Amino acid sequence: MSFIFKQFKDEVSSTYTYLTGDKNEVAIIDSVRENVDEYIQFIEKNNLILKYIIETHVHADHITGIYLLQKKYPAAIAVISNKAEIQYKAKKMQDNEIIMVGNTSIKIIHTPGHTNDSMSLLIDENRLCTGDCLFIGSCGRTDFQQGSNQDMFDSLTKISKLSLDTLLYPGHDYNNRFVSNIREELISNKVLKLLPDFSKFCAELNSWNLPPPKKIKESVPANIIGGYL
């Protein structure tokens with residue numbers, strides 16, 4: 001099997017999980033514990049080797065599948081930002097570091113703002129998994145887990161300077177949208193259109209007054225220890 005890129009959706013949390021790689025090696029990005037059997041079924045059906053389990057940040061709305069995936073695939077390496085405060089073994093990544101999955105490159109781009117440990121993943125220079133930083137039509141919230149309007153502003157500015165044809169794959173979508181690109185977001189994203197006016201940007205984010213994620217009290221502690229059961 002050559003290049004692989006598959007998107008899974010968790011219907012409860014509207015989380016997107018991605019599986020990518022080539023040469024039979026794959027990485028899973030932002031796994032959800034309840035969906036681990038689905039990932040395993042795909043891996044086994046296609047005779048793949050799970051090399052990395054990547055977290056774009058410590059999530060507050062679902063529990064990671066790291067523990068269950070490593071139970072099935074002990075050689076799989078957990079990957080997260082070097083800014084993450086976790087209590088499990090993981091490869092902690094610096095900004096602009098690259099990991100290889102077969103011949104597929106995954107470049108780490110630190111994009112704090114939603115949380116201080118948020119990162120985006122640039123796959124083969126043309127697909128960007130943005131986690132909870134940039135969404136289709138909006139961006140992530142900044143009001144918990146050491147979130148920051150200034151960091152989000154800086155991160156979105158960084159992303160907006162990537163190639164306009166870069167495909168955007170968000171960590172969530174609540175309107176059944178699956179993919180966009182940088183060009184489209186610069187035209188239509190209500191938050192990106194506020195750049196570079198920081199005061200208007202802050203006013204927009206501060207106006208949201210969102211309730212806490214429903215699973216925050218169980219998800220954050222569980223994700224700090226890798227989803228251990």
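Reader: Leaving aside neighbours within four places in sequence, which residues is Leu69 in contact with?

Author: The model is a predicted one, and contact here is a matter of heavy atoms within 4.5 Å. Once the neighbours within four places in sequence are set aside, the contacts of Leu69 are Ile28, Ser31, Val36, Tyr39, Ile40, Leu50 and Ile53.

Reader: Which element gives the largest share of the largest nonpolar core?

Author: This core has 26 residues, and Leu69 belongs with Leu19, Ile28, Tyr39, Ile43 and Leu50 to those that touch the most other members. At least two residues each come from β1, β3, α1, β4, α2 and β5. The largest share, four residues, is supplied by α1.

Reader: Why do the buried residues of α3 line one face of the helix?

Author: Helix α3 runs over residues 149–160, and its buried residues are Asn149, Met152, Phe153, Ser155, Leu156, Ile159 and Ser160. Seen down the axis of α3, these buried residues line one face because they fall within an arc of 170 degrees.

Reader: Which elements do the buried residues of α3 pack against?

Author: Both strands and helices take part in this packing. The partners of the buried residues of α3 are β8, β9, β10, α4 and α5.

Note on methods
Residues are numbered from 1 along each chain as its sequence is written. This is a predicted model: local features need pLDDT of at least 70, side-chain atom pairs count only at pLDDT 80 or more; totals for chains, interfaces and linings use all residues. Side-chain values use heavy atoms; hydrogens and water are left out. The expected span of a helix is 1.5 Å times one less than its number of residues. Buried means under 20% relative accessible area, exposed over 50%, partly exposed in between (1.4 Å probe, protein chains only). The arc is that of the directions from the helix axis to the C-beta atoms. A nonpolar core is a set of buried Ala, Val, Leu, Ile, Met, Phe, Trp, Tyr and Cys residues joined through side-chain atoms within 4.5 Å.
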